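The structure comes before the details.

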Amino acid sequence: MANTADALRTALDLHNAGDLQQAEQIYRQVLAAQPHHAGALHLLGLIALQVGKYEAAIELIGAAVGIDPRQAQFHAHLADAYGNLGQWSEAVESYRRAIGIAPDFFAAHDSLGKMFRMQNNLVEAEASHREAIRLRPRSAMSHFNLGVVLQARGQIDSARDSYQQALGLDPTFAEVHFNLACIFQEQRSFSAAATAYQEALRLKPDYLDALNNYGVLAQDMGDLDGAGKCFERIVRLRPDWAMGHYNLANVHKLRRMRREAIACYLETVRLAPTYAAAYHNLAICHSEMDQADPAITYCQKGLEHEPNSAALCDSMGFALHTQGRGEEAIAWYRKAVALAPDDARRHANLLYALNYVPPIDPAALFSEHLVWARRHAEPLTALAAPHTNDRAPDRRLRIGYVSAHFRRHAVNYFTQPILTAHDHARFEIFCYSDVLAVDDVTAHLQSLVDQWRDVGPKSDEELAQLVRDDRIDILVDLAGHIGGSRLLVFARKPAPIQVTYIGYQNTTGMSAMDYRLTDERADPPGKTDPFYTEQLIRLPRSFFCYRPSDDSPPITSLPARAAGRVTFGCFNTFKKTTPQVIAAWLQILSRVDDSQLLILATGGGYVERHLHELAQRQRIDPRRIKFFDRRANRDYQELLQQADIALDPFPFNGHTTTCDLIWMGVPVVMLEGETYASRFGGSVLANVGLEDLIAGTVEQYVEIAVKLAGDLERLERLRTELRQRMADSALLDFEGFTRNLELSYRQMWLKWCASSASD
């Protein structure tokens with residue numbers, strides 16, 4: 001017996017020193033001599049537990065318990081083994097037996113709390129951790145464990161107190177800092193969350209969960225560089241973790257580094273082939289690069305794994321629309337809305353698409369906007385508080401502009417002139433910028449205004465409160481129902497006067513939006529008014545002013561003279577190209593011998609095959625239709641100059657593109673319809689004396705294009721005159737336009753003051 005005791009002491013010393021192999025050998029020697037030695041069985045089972053052989057541990061320690069059931073530690077270690085195998089009930093029972101033998105067994109109480117938590121028995125878990133704290137009040141781990149349970153129960157303040165007590169006992173407890181950061185992040189206390197994550201990472205630089213959450217937080221706060229560094233480190237530390245690649249891809253996507261994003265998303269799906277969200281984002285990146293064919297393929301792959309994904313249905317609609325397949329796109333958008341009826345932004349995508357596809361019934365389209373507003377906006381508007389703005393009629397007014405496009409974006413060709421020309425003595429200008437990936441344009445715009453607010457991390461509710469706190473008098477929406485919309489901020493009515501302008505080509509449908517800026521050409525008085533919830537304010541001469549690019553190339557000579565044939569072009573987004581538009585183009589090509597058509601759309605895929613097939617059916621050489629990928633601004637303007645005549649799509653006119661073409665000396669033939677979207681391009685042509693190029697029917701559209709192609713002398717004159725005509729027109733009169741705009745703002749204000757005084 002003495003030899004056995006000595007052997008066990010030697011083995012235990014080796015065990016405690018970490019020499020498990022030698023300790024195990026001695027334990028087995030003891031058991032060979034005494035097969036029912038409970039202590040040796042328990043210790044051999046403990047080694048199995050420590051090296052992850054949990055089933056062997058259960059067998060060995062269970063045998064020890066069977067021989068000597070009065071040893072609390074045996075039961076506790078048996079419970080540990082059960083717990084590691086996820087056998088929570090068996091673990092709970094064994095911990096209870098340990099506590100029954102030794103009621104003050106601190107570790108058993110604390111571990112029992114963890115097992116209850118795994119069973120989602122949070123009441124019993126809390127009781128067990130509190131008993132552990134009673135037995136050992138200076139255990140930082142027990143306070144931490146209690147905080148975890150309280151956090152899971154939704155008792156956030158109490159959980160935070162427990163975590164603070166844990167840190168008071170052990171300030172180096174990285175997991176406590178992490179959990180506190182999670183609480184702060186959920187409460188949108190972003191600065192406190194960032195500090196807590198940073199401390200967790202200082203203590204544990206390779207703490208993956210902290211790196212991941214801190215990266216997400218940095219992304220939400222608009223710190224894309226910080227987010228990227230976190231996710232890049234995760235990918236280096238754990239290259240087989242799909243989520244790390246996915247999150248890094250999201251940062252690249254927000255930076256508009258789409259090729260890098262695509263590479264990371266592809267690595268994500270290599271590691272996690274069923275991850276539908278990665279396929280969805282692959283589709284988005286390709287769509288944004290005008291690569292609809294792969295976008296559709298990735299949507300299909302994602303839908304194989306998640307057939308009821310509203311996001312994938314929405315992206316499928318976008319990709320199909322990019323190919324000009326509007327009716328198919330709308331069917332997918334409607335499916336997305338049916339799957340996620342409370343998602344206001346996906347519902348808005350449907351509205352936007354409906355503006356493109358003929359035949360357009362203005363009343364039906366208006367009704368669709370009202371449906372959106374009733375579902376998403378009106379409940380918020382009903383809760384809006386009254387406004388307490390100073391009603392002095394002649395005071396300096398606070399004007400706020402809300403946009404996600406204060407960067408290199410088409411909208412800024414029209415907003416930058418206004419911000420440049422505002423009278424700051426009479427108007428204090430605020431910009432609420434939703435831009436995450438800022439650029440040099442962002443910095444320039446910021447220099448033009450009195451107050452700049454970066455609001456990307458803010459929720460709609462928080463942004464609405466910020467607008468109220470800023471005491472904005474007139475809040476101007478520059479997005480409507482297009483991407484980056486903040487209409488649910490406007491639904492909360494944070495300003496007494498709210499205006500929608502320039503970004504979207506239809507009504508918002510909202511009662512909270514008071515006015516819409518337009519002109520008589522785009523919205524003839526009495527013709528379109530019934531289809532807006534907003535009151536239309538028709539600005540004189542034009543509803544916009546346009547700022548040409550600083551790097552515009554000089555005007556070139558007419559291509560037709562050198563080439564001996566006329567070149568038509570359409571440089572708008574291809575989603576505006578309906579079957580009716582294509583049919584009209586083919587008629588023009590068939591009537592203008594040897595003419596060619598340039599199209600700004602990705603070649604080599606569905607679009608090129610489809611148009612070439614249609615051309616062949618009408619015995620038109622497909623080589624006369626040429627495709628050009630999207631390109632940088634200077635190259636884009638030089639491409640415009642390869643055309644003699646531009647053909648505007650319908651029923652959704654071009655606007656920025658039309659302005660660009662006129663500036664480059666290229667006349668535009670357009671078809672005018674019944675809605676703003678099919679009329680607003682006419683404001684450009686009317687202001688430069690090209691009203692005769694505006695058709696009322698498809699037949700007239702074709703005739704105008706054919707006739708103009710036969711008049712090279714006029715085309716040459718227009719080539720040399722249009723830039724100066726535009727420069728001399730109202731379209732480039734920034735000061736005059738902005739004074740008219742400010743006069744409209746003041747009239748809106750006087751009307752509100754009068755109505756408020758009478759309330």
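The largest cavity has a volume of about 100 Å³. A cavity here is a set of points on a 1 Å grid, over the protein atoms alone, where a 1.4 Å probe fits but cannot get out. The volume is the space filled by probe spheres set on points joined across faces, edges and corners. This is a predicted model, where local features need pLDDT of at least 70, side-chain atom pairs count only at pLDDT 80 or more, and totals for chains, interfaces and linings use all residues. Residues are numbered from 1 along each chain as its sequence is written, and side-chain values use heavy atoms, without hydrogens and water.

The whole structure holds 3 cavities of 30 Å³ or more. Lining residues have an atom within 4 Å of a point; those of the largest cavity include P362, F366, Q505, Y532 and E674. The lining splits into 7 nonpolar, 4 polar and 1 charged.

The search finds 0 disulfides (cysteine sulfur pairs within 2.5 Å).

| Cysteine | Closest cysteine sulfur | Distance |
|---|---|---|
| C230 | C182 | 13 Å |
| C545 | C659 | 10 Å |

For C230, that is too far for a bond.

S139 sits in the loop between α8 (122–135) and α9 (140–152). Helices are DSSP runs of H or I, at least four residues, numbered from the N terminus. S139 is buried, because its relative accessibility is 9%. Beyond residues up to four places away in sequence, S139 touches F106 and L169 (heavy atoms within 4.5 Å).

Technical notes
Helix = DSSP H or I, 4+ residues; strand = E, 2+ residues; numbered from the N terminus. Buried < 20%, exposed > 50% of the residue type's maximum accessible area, 1.4 Å probe, protein only. 1 Å grid on protein atoms, 1.4 Å probe; cavity = no way out; pocket = protein on both sides within 12 Å on 5 of 7 lines; lining within 4 Å. Nonpolar A, V, L, I, M, F, W, Y, C, P; charged D, E, K, R; others polar.
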